[in-house]
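Welcome, and have a look around the model below.

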Amino acid sequence: MKLTASITLTASLALMLVAISPVRKPGMVSTGIPGAARGRTIEAYRKLPLVFEANSGQSDGEVIFFSRGNGYNIFLTATETVLSNGVRIKLLHSNPAPEVQGLEKATGVSHYLGNDPAKWRTRISRYARVRYRSVYPGVDLLYYGNQQNFEHDFVVAPGADPRQIRFAITGADQVELLVEGDLVVRVADGELLLRKPTVYQGGAHARRQIAGQYRLSAGNEVSLDIGEYDATQPLVIDPVLVYSTYLGGSLAERFPSVVVDSAGNAYVAGSTSSLDFPTANALQPKHGNNAGNNIFVTKLSADGRLVFSTYLGGTSFQGGLIAVDRDGNVYFGYFGSSSTAAADFAVTENAFQRAYGGGTNDVWMGKLSPDGAKLLYGTYLGGSGRDRLLALTVDAQGNAIGVGETMSSDFPTTAAVQSNLRGTSNGFVTQLSADGSKMVYSTYLGGSRDDRAFWVTLDAQGSAYVVGRASSADFPVVNALQKTYGGGPDDGFVAKLSADGKLVFFHFFGWRRR
């Protein structure tokens, strides 16, 4: 996922990357989660720690430290900050060889292995902060931050001149200084916003703001005008790079789904073609192939720690649906893009359906332990035609309920309201047991044309409420408020199935277009 965002220099030169015009990748869909849950999830992402890795030959020779994370890459050279969208912020007339030091060792180390042992790089240290000493006479530069803020503290010693600090912005299509004092940096896939700089002196409890503003000159060179300040005291120019927080690697992530549990833990699932998707405590730490999509499942704690993040696959799977039960077990579902691609996917011994059903898609459903260390079950669900899972939930007993659409005349059913495919495609509702070994019930739901189920929720008794699209006038209508098909190209429908799969009610909602 490429970073599309905006930059802002705040609290003194606060560089904030805010997503002004993010570019949606082909195939990406909205998560559809409630605003409050979305907010908690984004906050969890933002709290993930930012770490800097020393370059020991695993990156370009000019790079001294770099940071890679959820949707961004930041490379630090002797004189430049290089962002993954191609924008470079280069210090002008600065010390070409400052003393650079990693501070505050972060937990863990990095290893780079390959076919040639001579090129292996192991036990590479990671740091929470990086200090550049004397980038200008009397001026140090300190880098640190988290997934939301990438901070650059210019610390100007007493008697040193802050007007030495100048930088040029390259890799942009246009740089414009707005009336309000902000800098807009336009790039091919969005805009970067560098807000009007702020400058201060004093500690956190006695901070005094100093006036400051940009000057933009030819060649997109930027300098600073600093107001009156006490030259006998240190001056801090604190650029904070705040960027949009995405979860992903250097290629495409698609079909994201997000849930948040009662403790505030966030769970994200989808498919990725990135070989460098961020993993941690992974059941499968490596991508299953070098071409197609793999599933990913990621859990973040309420305080932003990455609890686990893992690939799951398989050669090529799409979709991304996720649910969590009250014990913290994680349920997810996908559909494969072809029988060949799906043949190598993880299927456990206790699976209800261990073989791929056939056709262009099969559903796959799985369950992970709360720590992500064990695949409790993995099973196919489908017939010889095209099957797609469109919504997923879980009841109080750990039974997963999936709904979607099927074109398979042999889709597996049991205790069915409707045991046969009646049209080109019908909806389906399937409840799997908590261990994934059997179906509690599974039924087609549709008429003689094209129908699908695309949303499901449960009540306290475990009854499933299913919403979908109806093109058929001959659905099995029960206890209906609207008994007849309204007409037009499609109607909506709402159905209720009891915990054991009996149809409690079904009714259309729609009207005929005139």
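Are Tyr356 and Tyr380 buried or exposed? Both are buried, where buried means under 20% relative accessible area, exposed over 50% and partly exposed in between, with a 1.4 Å probe and protein chains only.

## About the model

This is a predicted model, in which local features need pLDDT of at least 70 and side-chain atom pairs count only at pLDDT 80 or more, while totals for chains, interfaces and linings use all residues. Residues are numbered from 1 along each chain as its sequence is written, and side-chain values use heavy atoms, with hydrogens and water left out.

## The whole protein

The protein has 39 strands and two helices. These elements are DSSP runs numbered from the N terminus: helices are H or I with at least four residues, strands are E with at least two. Of the 514 residues, 53% are buried.

Contact here means heavy atoms within 4.5 Å. Among contacts with a separation of 6 or more, 60% join residues 24 or more positions apart. The protein exposes about 21900 Å², and 50% of that comes from carbon and sulfur atoms; the areas come from the Shrake-Rupley method with a 1.4 Å probe, and for residues only the protein chains shown count as cover.

## Aromatic rings

Rings of Phe, Tyr and Trp (its six-membered ring) pair if their centres lie within 6.5 Å; planes under 30 degrees apart count as stacked, over 60 as edge-to-face and the rest as tilted. By this rule there are nine aromatic pairs. One of them joins Tyr356 and Tyr380 edge-to-face, at 5.7 Å centre to centre and 90 degrees between the planes. This pair links distant parts of the chain, 24 residues apart: Tyr356 sits in the loop between α2 (339–342) and β30 (363–368), and Tyr380 in strand β31 (residues 375–381). Elsewhere, Phe411, Phe428 and Tyr444 form one aromatic cluster.

Two arginines also lie over ring faces. A charge counts as over a ring if NZ of Lys or CZ of Arg is within 6 Å of the ring centre and within 35 degrees of the ring normal. Arg129 lies over the face of Tyr144, at 4.2 Å from the ring centre, and Arg207 takes such a place over Tyr200, at 3.7 Å.

## Two open sheets

Two strands pair if DSSP finds at least two bridges between them. β34 (residues 426–432) and β35 are antiparallel partners over six bridges, and Leu432 has Met439 in β35 as its bridge partner.

Another open sheet has four antiparallel strands, ordered β36-β37-β38-β39. β36 (451–458) and β39 (503–509) are at the edges with a single partner strand each, so one side of each has no neighbour in the sheet. Here the twist averages 20 degrees from one strand to the next. Strands β37 (residues 464–470) and β38 (residues 491–497) pair in the antiparallel sense over seven bridges, and Gly468 stands opposite Phe493 in β38.

## A serine in a loop

Why does Ser94 count as buried? Ser94 does so because its relative accessibility is 15%. This serine is in the loop between β7 (88–91) and β8 (99–105). Not counting residues up to four places away in sequence, Ser94 touches Thr79, Val135 and Tyr136.

Key. Axes fitted to C-alpha atoms, helices over the stretch in contact; angles between N-to-C directions.
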